[in-house]
Structure formats: C-alpha cells, structure tokens
Amino acid sequence: MALASLPKIKGNFKGKDILSLDQFDIASLQKLFKLTKQMAEIAKKSKPSKLLAGNIVTLLFYEPSSRTFGSFAAAIKQLGGQTVEILDPQHFSSVYKGETFEDTIRVFEAYCDAIVIRHPQVGSAQAAADIASFAPIINAGDGPHEHPTQALLDLYTIYERFKKLDHLIGVVAGDMLYGRTVKSLIRGLALYKANTVYLLSPDKLRLSKEDFANFQKRHIKLIQIESEQDIPKNAHFWYWTRVQKERFTNLKDYEKVKNKFVLTPKLIKERAGAQTIFMHPLPRVGEISPKVDSNPRAVYLRSQIRNGMYIRMALLALILGKIRQ
Amino acid sequence: MALASLPKIKGNFKGKDILSLDQFDIASLQKLFKLTKQMAEIAKKSKPSKLLAGNIVTLLFYEPSSRTFGSFAAAIKQLGGQTVEILDPQHFSSVYKGETFEDTIRVFEAYCDAIVIRHPQVGSAQAAADIASFAPIINAGDGPHEHPTQALLDLYTIYERFKKLDHLIGVVAGDMLYGRTVKSLIRGLALYKANTVYLLSPDKLRLSKEDFANFQKRHIKLIQIESEQDIPKNAHFWYWTRVQKERFTNLKDYEKVKNKFVLTPKLIKERAGAQTIFMHPLPRVGEISPKVDSNPRAVYLRSQIRNGMYIRMALLALILGKIRQ
Amino acid sequence: MALASLPKIKGNFKGKDILSLDQFDIASLQKLFKLTKQMAEIAKKSKPSKLLAGNIVTLLFYEPSSRTFGSFAAAIKQLGGQTVEILDPQHFSSVYKGETFEDTIRVFEAYCDAIVIRHPQVGSAQAAADIASFAPIINAGDGPHEHPTQALLDLYTIYERFKKLDHLIGVVAGDMLYGRTVKSLIRGLALYKANTVYLLSPDKLRLSKEDFANFQKRHIKLIQIESEQDIPKNAHFWYWTRVQKERFTNLKDYEKVKNKFVLTPKLIKERAGAQTIFMHPLPRVGEISPKVDSNPRAVYLRSQIRNGMYIRMALLALILGKIRQ
C-alpha cells in the first residue's frame, strides 16, 4: 500500500501496512488484543478455521529467522490461508540476477493478498510499502530498527497476565543500545499511564542519550540501574534480552559483557515479586539459566511464543478485512 | 508422462506434458486464453476456488527463480491445490548423495499429480517427461532452451490488449542470441497470420543465422534493425529483454553491450505509437528506465506478471483434467 | 511428548512419539498396515480428504533428504493438513544466532500439532521428544541410528506382497555396518515367527559382532554369505542398499567395496525365485543396474516409494488421534 508517511491505524486495520509500533493508539491495541484472545480459542479448537481461506500471503525473508517465519506461516495456515514462501531471495531468485528490491516487491504483490517481509536493512519494510500498489506490507523485522509484531506480542503477554497496560513496573535487562525489542516495548508502554521501567544493562550497552531523551518526552518513567541489587521487588515483569554478538567488531568486548546479567533461580528468589513474570524475545544464548524454564511464571517458552502466533493471526485477519471494524 | 516425441496439444491438455511452445496450435491457444480470462476472475473473487482441491503439484527447482517459482506456487494455491516444494535439490537432497536425475523424477512423481521442473540443462524437462510414468511434466525453464509458460503469458498479454494475435507489428530488443523468451514469442506469433517483428540488438547478440533461417520458413516477417531510429511508429508492442551477464565469459564484452538499447520516456515519445504496450519478461537490470514504470501502457510490472499466474492456473486446471475439453 | 523411556505403542498411537521400530508389537503393526491400505485408496480418490484439516505439522530438517521430506509433506497434504517447513535451520534460523536445540523444539511445538524431525545426530529425535511438552515427535532419521518410517514402509511393502511377515526368506546386500535400514528391517522381521535373512556384504561392511549377537537373541535366523552364488533361490525379497560413501575416511577403501555386489538382470536370472521382489531404500548410486527397473518385481521405484507416503499418512492420522483406536 503506497503511502506518504506512517499511517495511523485508528481502529481500522483493513488494507493498512504494519511497519511500526508508532502506528498504534490504545483503542487499536485493545481491538487487536480482544481479537487475539479469540484467535487463541480458534487455534485450540479442533474445527479448522476458514477465515483466510482463498487468501495467499507471501513470506519474503531476506534474513534468517526460523521463529518469526514459522510463527507467521503457522498463523496464516491456522486460519486456512496459504503462503508463498521465498527464503533468502538474494541467493535463490531473480535478485541474484540483479533485480532491484522495487521490482521484487512489485512482482510478489501481484501473486498475493499481503506480504510479510524480513530484511536486514533499516527502512526496508517502509520502502516496500512505498512501492507496493495494493498489497499491505507487514514488517517482520528491518534490521535493528522495528519488529512491530514482536512488540505487540510482548505487550499482549503482559496484558493477558495483568489485564491492564498501565500502572505497571517492569525491568528490562541486557542490550538497550542495539536491541530493538526493548525500545519497542518501552514505546508501547508509553502509550499508557503511569508505567515505570528499570533499565539494567552493561555500561557499553546502555540506551543511547538520544533514545533516552526521546523516551523521556513520552509518558513513561525510565530508571537506569547498575546492579541486580537495584531491581525493585514489586515488578510486574522482567524482560531479559540477548546481547547481540553480531553487533560487536571486537569479540573480547562481547565476551566481557555477554554474561553480565543472568536470570537465575537465585536472582528470582532474591529480587522477584510473587507475581513477576519472566520474559525474553528469544533466541537466548545464556542470559537465562535453563533452570528458570520450569518456573510457572517463566513465559518466554510458553505463552510468549503462542501469543506471537495468535497476535499474527489477529493482525492478518484484520488487515485482510476478514473482521468487521 | 512417457512419450516418444513432443506431443501436440490439439485442444486436449489432460495428462499432457508442457515442454515447448511448439506443442500448441491456434485452437489450443484460444482454449487456454479463454480459460485464462476466467482464471483472472477466480483470482479476484473473494470466494476461494476448490478446482485443484486434493491435488498436489511438486515444484522441483534446480536453479534460482523466485518469480517463476512464486507464480506457479500462487497459481496452484489460488485454485485450492497444494505444493511439495523442492528447491536447490543438488544441495539439499538425495541428489547430493549421488542420486540420478531419473530416480529423483520417479520418486517425486509418486507423491504428486504433476511436476513443475526448472533445471539449467537444455532438454532436462523433456528427459523428465520421458522418465515419468504418469505425472505430467511442466517445463518452467530448461536453461537457454524453452520456457513455455513465459511465452504463453507473453502471447496472452498481447492478445488481451489487442483481441487478436495476427496482423501485429512488434519490436523486440536486447539479446536475440541467448534469450529464449524472444525466440518463443516469435515462434508463437508465427502460428498466426501476417505478423511482423523488428529485431533490435547489439551486433554480437543478433539472432543466429540458423535461428533466423528457421524462423523465415515460418509464417512471420522478421526485420533486423540497427538503431532505435529504425523502430516503426505503429508497433503494437515493444518487448525489451535483459542482456544476460551470465552468458559472457569476458565482462568487458558484457559492459559494452548491456546498455546499448534502453527503453526511456524519451524513446517512447519519439518512436512509440499511441497504442504500443511495453513488455519485458523480467528481471530487468537497467534496460528499462524506472521512469517508464508509471506509463499506463507499461505492462511488465502489471498485467504481464498477473497474467503469468492466471495462465499457469488455466494450464494446471486443463492438464489435471479439471476442465471439460 | 516428554517421556522417561521409549513408549510402547500397544495399539494406541494417539499422542505418541515415533522414535524407533522397537516401540511396535505385531498388533500395532497390523493396525497400522490395515490403515495404510485405506490411505492408498484415499490418495487415489479424486475427492480430497479432510482428515488432517486444521492440523499443522512442522517439518524440521537439519540434514538433506528431499525424498523423506517430500514424502512427509505430501502425506500431510494428501490428508488436507498443512506444514510449517524449516529446512537447514543451522544456516537459516535462530540456531545460527546460537539458540539451543532444546529452545528450537519448544518454539516450534507451540506452532503445531506434531513435529517431524531429521537430524544428523544419534538420539536427537529422542532428545526432542524429551523436551517437547505436548507435540508428538516423529523421527525422520537421526544419523545412522533409526529411521522408523523407512523400516515401516519396507515391512509394509513385503507384507502387501506376501500377505504375511512370518516364514519369509530374505536377502539383504550392501552395507550392514553403517546402514540403518537393514538393521531396522531385521528388527521388524524378528517380531514375527520363522524368518531367515541372508546377509551379503563386503568383509569390511559386515554387521558388527555386537549387532549380530544382539539379533541372534531375537527370533530371527541370520546367515552370513560371502558370494552371490550363496543366495538361496527361494527368497521372498532381495533388499539391496547403498554403500555410504560419507562413512569412509579413505576414498580408496570406498572405491574397493562400492560395487562389490550389483543387482543385475543376470543375477536375477541366476539366483532369484519367480516371486522374489527387489527392494532398495534409495537413493541408489550404482548398486542396482537401471536395466532392472523395468522388471515388474522391482518395487524400489514403485510401490516402495508410494507405500512410504501411505504409511506416513496412516501414522499421522493415528498419532493425531483422527482414527478411533
């Protein structure tokens, strides 16, 4: 869908590109979350859904991501839709023969009703949306920039547990500098009232001054902390993230910080509240001890994963106009 | 479907291999084109088609081609059929363990109702058809040799616009030596009466003497031209093609000729007629200026792409016996 | 499905992991084979089956295998089910970012109803089953260890032809040391009464002493033979196998033994009985002469392939609880 600037959802998803969390307001999130809950029921029912029957969605993945790819593929198929799956087009396609990104997008939109795109370059999903004439584009991650469906599933997971997204206290740990998921989560929470987020990260991976200043202008309280001992005992959620090895040019620097903050049963015992849930966008590579997995409040391998599929089901049904809105 | 020589369609597609444009006569093309028009309606309708429900088509792609792959996959799924998708089998399959092409074809035909094959070697689709006992084979490109569904969609695109395939004047530009699409297009037009095609190519990429002599025996007038100034002003279509870098052993030779003839708004203004449509088989890598894209008669990113899907839908429905014929 | 040890089927497949042939008893095999025969009818019928409609099965293939992959994909789709297809996850996925095998399994089971896994490491399917909380795991080959659906289709192919799996005489040739298919076949036949299997292999590729001793404890008679002249004339089946090049560190050793025993029309004339069927698990790389292919009793490119799809259809329908049991 060609567009001048980022289109606001304003409660009507039909035909809209989904490029950034900044397109959403509270009412749109509530509409999406209500439908997401229904999608969970559909996925569990034995009777197959036909909501997307006759619809084809292209999954155009320029970059490895089995989890996001699998989640979208399953979401589409759970609703009876079909996929055209193009993985790694730079090696297995016309792109290899020198085709431009623009032409690739135009070709694929002719075959389908929507395109889900993952691409390492910042702004690629926006570029695809500018090019496409009629097929809505869903951003499944454009480099370190945006990954709105991840942010939506994170917000939904918190909402599902606490039945609200305001007056919450959260702790985010790990990479604030490069990690896009943390920034999206903060932007989402800033839409609601009276949220506080504690930021725990190695010195070198703190939120950039620019990002910090920008977030301060929004309605959210951010508190930098330096040690696990500063974690408040009444947090609603802990959101741990991976330190992204691929962002470091010097491996020694990576080794120094990668395991600085590890989520362990001991830390939970010392600093978590009775209701605190434990989240992670995955993949993890050591920053959460496997011993935490069996904790019933560890949602990263349970509801967070399933919610990712449900929220994508809801989003696709809305964008493709299958739900009255 | 095992066969002695190239089987003529003669109005009955059921169970036939589709290997070459030379299998078609005018009546068969008309039958296909009539159904293609209906397929366009089916693809646009919101009600899902069940025409290929229960059918499985294997897409066996030994060579990169996201466009042709996506077009076939979407065509099958538009009609409610399913695919088994095998990409790059030489690296990800039994072929890697030393399995012969013959065994691979026999194995896959056991799983499905038809096989779409793309393979870099000339004659590979014919070889597959000779081996297969019951599954029809569709050639999706055997190296520089044949790519019949591309030729069919090109012919259909011209037919859709002018409601005829005779008494036409066309201009083809680019690579006549290696490019298979141009040769197929000429062969198709030669079935009809009183067509004239102007050939505009760099010296080194002219039609081979052998090809030229062969085409002369058919019912078509071919005129070699050397400059854009020789383009007749009353052409029905311009068909531009990519100079195929991969055919050149010397990169300098490629650089010399690649941009010799570029389709620009200026050239359109100077030499195109009011009705001329602008075609390209894609991918393009510079031989059509992006400024031409917005011209409403530029069909290469619009109807030509969509027609590719529609014609494959029609062809599959006919071959699999889903349409009375 | 998390489990302590290998779960016996005992006639009830619902929700069970399929990891090894050792889970089966005669009654379970009979139930499976009866349904497999019905699946052959379903696959041939023009009316599409809806048995797996609404079901999603993940195909998680860490290793090349187009044949097994295609067979499972087709089986699922023949029954109206859908797939999430993850090929080569170590290069195209979160695994690449350092995700553990455990996390990958947990993520994918959240999206689907069952996981078919192929992995080069011995015990990987069992490991996946230990991790998964609810999705049944089907082993599609864990290195040289087990490949139960191959063994099942081999047994079914013999059963289909002779209407029994007892009192049979078989000849297996090729690689007994590394080849898993032969060992699985022997284990399957050992469940039944009075079977005799002649083992014909190069010296260096004989069954290990340990395997031979273990098989001797089961109800099956094994006879090592050294020459094609020792093949009994009344065998029910000949089962030829590939000498696996990838197991040899020294290529010369491989060259010495690879073509030691070749199945030719001449050998058939000299040593086969009138009813003997000729089997091979494929891929083959020279150990069966293509001249044998046209022999009507050569089943390796015919019923053995199709039976692979039918048995996987039956197995999936049973595991997913679509058949009363």
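The model is predicted, so local features need pLDDT of at least 70 and side-chain atom pairs count only at pLDDT 80 or more, while totals for chains, interfaces and linings use all residues. Residues are numbered from 1 along each chain as its sequence is written, chains are lettered from A and ligands numbered from 1 in the order in which they are written, and side-chain values use heavy atoms, leaving out hydrogens and water.

Searching the whole structure turns up 39 salt bridges over all chains; a salt bridge here is a side-chain nitrogen of Lys or Arg within 4 Å of a carboxyl oxygen of Asp or Glu. In chain A, one network of them ties together Asp22(A), Glu146(A), Arg187(A) and Arg218(A).

Another pairing in that chain joins Lys256(A) to Asp253(A), at 3.9 Å from N to O. Both sit in helix α8 (residues 251-258) of chain A, 3 residues apart, which means about one helical turn separates them. Helices (H or I, at least four residues) are DSSP runs, numbered from the N terminus. Lys256(A) is exposed at 63% relative accessible area, while Asp253(A), at 25%, is partly exposed. The cut-offs are under 20% for buried, over 50% for exposed and in between for partly exposed (1.4 Å probe, protein chains only).

Over in chain C, Lys77(C) and Glu85(C) form a salt bridge of 3.2 Å, N to O. Lys77(C) is buried, at 9%, and Glu85(C) is buried too, at 11%. Arg206(C) pairs with Asp203(C), with 3.6 Å between the closest N and O atoms. Here Arg206(C) is partly exposed at 23%, whereas Asp203(C) is exposed at 61%.

Terms used. Helix = DSSP H or I, 4+ residues; strand = E, 2+ residues; numbered from the N terminus.
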